[in-house]
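Here is a friendly walk through charged pairs, a chain-to-chain interface and a few local details. Have the sequence and the 3D view open as you read.

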2 protein chains.
Amino acid sequence: MRAVIPFKKSNAKSRLGALLYEKEREDLAMAMLADVAGTLAGSNCFDVIDILSMSPIYLENTNIVLTEMGLNEALNEYLRKMSSHNLNEPVLIIMADIPLVSKKNIQDIVSSRADIVIAPGRMGGTNAVFIRNPLSFHVDYYGASFLKHLEIAKGLNIEVFDSFNLSTDIDEVSDLAEVLIHGKGHSRSYLEKIGASLLAKKGRVGVELRRQ
Amino acid sequence: MRAVIPFKKSNAKSRLGALLYEKEREDLAMAMLADVAGTLAGSNCFDVIDILSMSPIYLENTNIVLTEMGLNEALNEYLRKMSSHNLNEPVLIIMADIPLVSKKNIQDIVSSRADIVIAPGRMGGTNAVFIRNPLSFHVDYYGASFLKHLEIAKGLNIEVFDSFNLSTDIDEVSDLAEVLIHGKGHSRSYLEKIGASLLAKKGRVGVELRRQ
């Protein structure tokens, strides 16, 4: 069984630019990737963990597959290549920016009996999709990709995987609060190292950054 | 086993005011309450479903308990009264604005062996808490209540319940997209009835309202 994580390092996470410098955004993106890949490796579910990356990086327990293609093209090419090499084994596509994901989440997803397991992100996104037969599916990210993926998988046996951890992609400054509240890994350590902390607001919480 | 839902109808959901009139916000609040209470009733887990309400309402399968107290005071008084009447049965406190909650979610929560089960909301909130012994716990909502509740339950056996459905409280206009994408009940029907629909934005989705 395989897992594949699409990843973009350079100018990563531009919507965090209101709080973080470009270098910090890239470091945080790498820390989140390390959390996700480390959880995949620790789940003991996969023979191969591939990272589809636009730029050369190093991360233990993973293969870096360089690509210049966009998200959809790179992943669909990946699925097509698996099929043409007769690698019709199940594959988990998982986003690099969901650092709260747990080993139990991964084990629960891959032990589903469904043909397709889709873990929604907030606002219509798709944060993970488990594909039993890579010939049977293609991806279509952006917009309400969750609804598009349900449509693409029509006729197959679909499970919607209900998880707060998996739904929590870190895109905007306010999302960093989720890492500080629920995170346990590299991403949280990194945010604390650069001086990020929770800020009590009226009725809600926010994030502040006090650089040393 | 009991469930209790705190509820505020008048001037409900003020942050939805950018899109919805006051009457629509109240109607939506009632539709979401009906979804949550209907799911609780359909789960067949509870002998009693109480709604702690600031104003007289009617909802089938529930008892309306009128209160003039704030959220924390009303719920802590409720827990204290259960104890003083020797009703030391388990109780689920659940918010009225999480219409995506499923029967399976409820059944999974109440079948936990933990002393306290906490389902986080986004941004540090607490959207449901299951209390095996009402003498052993009190609530402290607002701010990062999730962290406060972990602290209050210290020493007890705590389970954090990982669910996108339960984490999705509907507070802001963008949250309505979650109801339109994932909802199946009264709340979604109501939003569609008044003319709300998904709007494709650059890379994300939004919500628009075209009143007839």
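A residue is called buried under 20% relative accessible area, exposed over 50%, and partly exposed in between (1.4 Å probe, protein chains only). By that scale B:Asp108, with a relative accessible area of 31%, is partly exposed, while B:Lys104, at 55%, counts as exposed.

Some ground rules come next. This is a predicted model, in which local features need pLDDT of at least 70 and side-chain atom pairs count only at pLDDT 80 or more, while totals for chains, interfaces and linings use all residues. Residues are numbered from 1 along each chain as its sequence is written, chains are lettered from A and ligands numbered from 1 in the order in which they are written, and side-chain values use heavy atoms, with hydrogens and water left out.

## Charged pairs

Side chains of opposite charge can pair when their charged atoms come close. A salt bridge here is a side-chain nitrogen of Lys or Arg within 4 Å of a carboxyl oxygen of Asp or Glu. Searching the whole structure gives 32 salt bridges over all chains. Three of them are set out below.

| Pair | Closest N to O distance |
|---|---|
| A:Lys81 and A:Glu77 | 3.9 Å |
| B:Asp108 and B:Lys104 | 2.8 Å |

Helices (H or I, at least four residues) and strands (E, at least two) are DSSP runs, numbered from the N terminus. In chain A, both A:Lys81 and A:Glu77 belong to helix 2 (residues 71-84), where they sit 4 residues apart, about one turn of the helix. A:Lys81 is partly exposed at 47% relative accessible area, and A:Glu77 is partly exposed too, at 24%.

Relative accessibility is 41% for B:Arg15, which counts as partly exposed; B:Glu172 is partly exposed at 30%.

As for B:Asp108 and B:Lys104, these residues are 4 residues apart in helix 3 (residues 103-110) of chain B, a separation of about one helical turn. Over in chain A, salt bridges with shared partners link A:Lys13, A:Arg15, A:Asp97, A:Asp171 and A:Glu172 into one network.

## Where the chains meet

Contact means heavy atoms within 4.5 Å, and 29 residues of chain B are in contact with 29 residues of chain A. Buried area is the accessible area (1.4 Å probe) that two parts lose on being put together, summed over both. For chain B and chain A it comes to about 2,400 Å², with 59% on carbon and sulfur atoms. B:Met123, B:Asp162 and B:Arg204 supply 31% of the area that chain B buries against chain A, more than any other three residues.

How many salt bridges are there between chain B and chain A? The count is 0.

On the side of chain B that touches chain A, helix 4 (145-152), helix 5 and helix 6 each supply at least two residues. Helix 6 gives the most, with 4 residues.

B:Met123 also has a positive phi of about 55° although it is not a glycine. This residue is in the loop between strand 5 (116-120) and strand 6 (126-131) of chain B, and at 12% relative accessibility it counts as buried.

## Two glutamates to look at

B:Glu26 lies in helix 1 of chain B. Lys and Arg count as positive and Asp and Glu as negative; His and the chain ends are not counted. B:Glu26 is buried yet has no salt bridge, and its nearest side chain of opposite charge, B:Lys9, is 4.7 Å away.

A:Glu89 is in the loop between helix 2 and strand 4 (91-94) of chain A. Its side chain makes a polar contact with the side chain of A:Arg2 at 2.8 Å, and a polar atom of the A:Glu89 side chain lies 3.1 Å from the backbone nitrogen of A:Met1.

Technical notes. A polar contact is a pair of N or O atoms within 3.5 Å; within protein, one must be able to donate a hydrogen and the other to accept it, and residues adjacent in sequence count only if both atoms are side-chain atoms.
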